[in-house]
Amino acid sequence: HRRENEDDVKAQCRAPQSTELTGLFVEKPPNSVVAVAGTDVTFIAKVDSTSLTRKPTMKWLKGKWLDLGSKAGKHLQFKETYDRNTKIYTYEMKIIKVVPGDAGGYRCEVTSKDKCDSSTFEISVEAAHQDEQADILSAFKRADAGEDEGDLDFSALLKAAKKKKKPEKEEPEIDVWELLKSAHPSEYEKIAFKYGITDLRGMLKRLKKMKAEPIVHSEAFLKKLESCYSVDKGKKITLRCEVVDPNVQVKWLKNGQEIKPSAKYIMEASGNVRTLTINKATLADDAAYECVVGEDKSFTEVFVKEPPVTITKLMDDYHVVVGERVEFEIEVSEEGAHVMWFFEDQEIHKDKDSKYRFKKDGKKHTLIIQEATLDDIGMYHAWTNGGHTKGELEVEEKELEVLQDIADLTVRATDQAMFKCEVSDDKVTGKWYKDGVEVLPSERIKMTHIGRFHRLIIDNVKPEDAGDYTFVPDGYALSLSAKLNFLEIKIDYVPRQEPPKIHLDTTGNMVSQNTIIVVAGNKLRLDVEITGEPAPTVVWSKGDKPITDTEGRVRVEARKDLSCFVIEGAERDDEGNYSITVTNPAGEDKAVLFLKIVDVPDPPENIKCTGVGEDCASIVWDPPKFDGGAPVKGYLMERKKKGSSRWTKLNFDVYESTTYEAKRMIEGVLYEMRVFAVNSIGMSQPSLSSKPFMPIAPTSEPTRLTVHDVTDSTCSLKWLAPEKIGAGGLDGYVIEYCKEGDTEWVVANQELCERQGYVVRGLPVGEKINFRVVAVNMAGRSPPALMSQPVTIREIVEHPKIRLPRDLRTKYIRRVGEKINLTIPFQGKPRPVATWFKDGKPLDEKIVNVRNSNVDSILFIRSAEREHSGTYELVLKIENMEDRASINIRIVDKPGPPLNVRVTDVWGFNAALEWEPPKDDGNCDISGYTIQKADMKTKEWFTVYEHNRRTNCTVSDLVMGNEYMFRVYSENLCGLSEEPRMSKNTAAIAKTGLELKSKPYKEKDMCCSPKFTQPLVDRSVVAGYSTAISCAVKGFPKPKIVWMKNKMIIGEDPKYLMQNNQGVLTLNIRKPSTFDGGKYSCMAVNELGKDEVECTLNVRGKNTGQASERVGEDR
């Protein structure tokens, strides 16, 4: 039992992840433990993680498949601890109050990335009490068992090797089990993903059991159950077997438990056949089943398939800046589904690249990129076994925007100076410089960074603090500068009375001498220095209305020598003329200020799509009604897929126009757009979303527009569908025509033509008309398909037709110098125009003579040359109708001599010759070679071989002591080459006194009875045309051949010619008539036996096309 478990663990470790079985345990549970019922027992396992790249995962299992982690509670407790010093993980499993049901085999399994290890142990329980058995077993029952719920017998489960049920998804006609049985192990994971197998490990174990189960002859069963059955979820399945005894009673078991008849389980017996029908199969029916007859059993497995996993929420596009987090999220139809992620066409693996993270939450699957870079730009795909979605990621370079610049300061001695700026990124750090030298913090000087704000605070300002101060953000080519002015206090003699004076600071918020601009929502604090003796009285007014409040949103604060006017959270209503009046006994002073409130603009209006293309759309909108008091700099656009909540930015820099061409969209997907207006203050609220629009494009032009027929008033056109149709589909076609020379096209059909053909009626006779066809879909008209030339509206009495003679339909071969005279008849009215082409180019009539008449065309060559070879094409035209015929003419000549003839070897009285084919083959295949020899004394030539097909040969029977030279001729259809090729060297046959004593030769017995190796084949021929039937026979001694017709021996009838060429037997029948049909047979006879074959010959009459067969009688 333990060994079986270990084998299963090894199979698990090797299965989909190709992990390595290694020794990871430092301490294992003891192999055998005896526990007393009612007591507690603890098992400890320790794992050394020093060599592991990831935290190990521990599983405690009972039997082969039951994961005890899901059963944790009062009865089973699990604990995990980690020692940082020794890097050892300690895992504990504690069973509280052991019951007899806890007895059995257990296994602890540890895995870490590509490594795994396991340990098995046994628990025996003493003094077991049966009444406590249900406590642990009830925890292991299936939650979805329904009416099958009952007492579980783990021994039966282990015996049947039942594993956890799994949703098994596969193509309707494909049997995944047959695929896995015949597949190589390296293909298992690919098959699992393609057919939606979520428990591949368990499936392979069941497959292993099915393969290993021995085939044992059964005395009780005539036919056992199939090894496995497959059924779709919710469907019906019938298990069928046949028993020997038609009266025997059978039991049906599921996972070792007997099944009782019910509406779900119907058991039937008909003669020797026993069936179990399972209605409305659920995942609970995915189990092992048995049919039991006495002590004999028949096993099978039932697998319940679920539908493919589909994608219910599609992936959104992202437009981010460098460093932002990106989350591509989809939803699938089933929990626990397997999703494959791809970047462009490369699969993204979890362990391969640490920049990607994967997240699963029920049906939601998320691909996370922590910090996007420019390398991540592209298309991302998610695949399930039943769906696909994609989303585009666009990444822009990060730009730092200055939201608030630092301002110049004028500070008196001992006062505090504070420089403040705001940038768009709250993570950006920076340094402060004074006159080019970095400012370091001290007791007086402090630097702070809170969110997007950076401050430099100088307490107790001294004259040496005056200078130019600069803030430089880290990592950006950007700097912000301002000046600190030190105000010296001079003590002069002041007369007792001095008229009041208002000292307005024209720097800072004041854009001109009397205008102050404030951003809506910001705080305005206007400190006005007042001088005069005695201290003057200050009155602030808006228009004619004095402002007297010292508290509230709009208030006046008085200080020594200062009057402060404060507005908290400026609003548009605060805009207007403000005046400050100061009086004392010595006089009066007054200043008038205009306060202008600026705000972000209103959102743009009337966003709409004016046109679409294949992957683009034209968007227009109206500027905002109110620009916020500052000119609109431009606009920012966003888009999203309809039904999605994720908006994608289309631009980072402001876009000045109110017309935008949106690109890089997916054809056939609904999109929505919205626009933001931007001025110097900020960005408006988003506009209302546009109406959904779909990028679609017109089709390409229709193809192969041709004229099918022409009459005196009509023209029939035909064409093929466009090559590219797209998501907009194809609604129909519009046919238009115009007279030659006109530019006004007339529509021929009032309604769209859905067929790929149309008859244009009411055309003027004799006129030349141009036609064009346009495909139409919801995106508009396609480019037109045009005719190459106009059509003359005149009835064609007879269509052009070339009657090519039979002997010209195959290759036409003539020798050099011969005359060629080809007459090609044709028909057609009015008279067709005949044009000849050679190899696709117009025929040069200086080389080849052509004569055309009303009924034929003659091609004449007085003396054929090699360059006349080629493919000649005759094109016959009447208006736009034509017919074509091709003739392949080959002019052949004698070949040149072979090349490089040489003697390669000499032995005994033999010489080996080799050569190469000739450069010039005479424009046809080389059929063989003629080899001749001559001795050097007589110089007389003798032929050794004729028609030798190979480029080598062996010349034998040479005379001892002579020296030979050789020559070789090439041969083709025209004959031998004009000149031979002499051998480069000679063959000298040396004299020798040695005598070869060969062993006695025992001739092999080659005798065998006749045997036909190729039979006769039934044939059907036309009367009057000679035919032949053939077969092949072997046998020794050479058999006698007898041909028969309808079992009657064919004698010396001159109508028949019988041939035997090396065992190939041929019966030639000269011009058979309908009475020559019948059964023909061939018999081969020798002294060892005989063999016979036969066939049927049908002879069809020339005119009637009927066949005459005479089987039972001879003519």
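How many bridges join E48 to strand E49? In this predicted model, five bridges link E48 to E49 (residues 617-622), and the two strands run antiparallel. Cys609 has Ile619 of E49 as its bridge partner. The pair belongs to an open, antiparallel sheet of three strands, ordered E48-E49-E52. Strands E48 (605-612) and E52 (659-662) stand at the edges. Each has a single partner strand, so one side of each is left without a neighbour in the sheet. From one strand to the next, the twist averages 25°.

The largest nonpolar core has 27 residues. Phe43, Met58, Trp60, Met93 and Ile95 have the most contacts inside it. Elements giving two or more residues to this core include strand E4 (41-48), strand E5 (57-62) and strand E8 (88-95).

The salt bridges number 44. Lys46 and Glu27 meet through their side chains at 3.8 Å, N to O. Lys46 lies in strand E4 and Glu27 in strand E2 (residues 25-27), so the pair ties together parts 19 residues apart in sequence. Lys724 forms a salt bridge with Glu614, with the closest N and O atoms 2.8 Å apart. Glu614 lies in the loop between E48 and E49 and Lys724 in the loop between strands E55 (715-720) and E56 (732-739), so this pair ties together parts 110 residues apart in sequence. Lys724 is partly exposed, at 44% relative accessibility. Glu614 is also partly exposed, at 33%.

Asp1076 and Lys1055 meet in a salt bridge at 3.4 Å, N to O. Asp1076 is buried, at 0% relative accessibility. Lys1055 is buried, at 18% relative accessible area.

How values were computed: Residues numbered from 1 in each chain as written. Predicted model: local features only at pLDDT ≥ 70, side-chain atom pairs only at ≥ 80, totals over all residues. Heavy atoms only, no water. Pairing = 2+ DSSP bridges. Helix = DSSP H or I, 4+ residues; strand = E, 2+ residues; numbered from the N terminus. Axes fitted to C-alpha atoms, helices over the stretch in contact; angles between N-to-C directions. Core = buried A, V, L, I, M, F, W, Y, C linked by side-chain atoms within 4.5 Å. Buried < 20%, exposed > 50% of the residue type's maximum accessible area, 1.4 Å probe, protein only. Salt bridge = Lys/Arg side-chain N within 4 Å of Asp/Glu carboxyl O.
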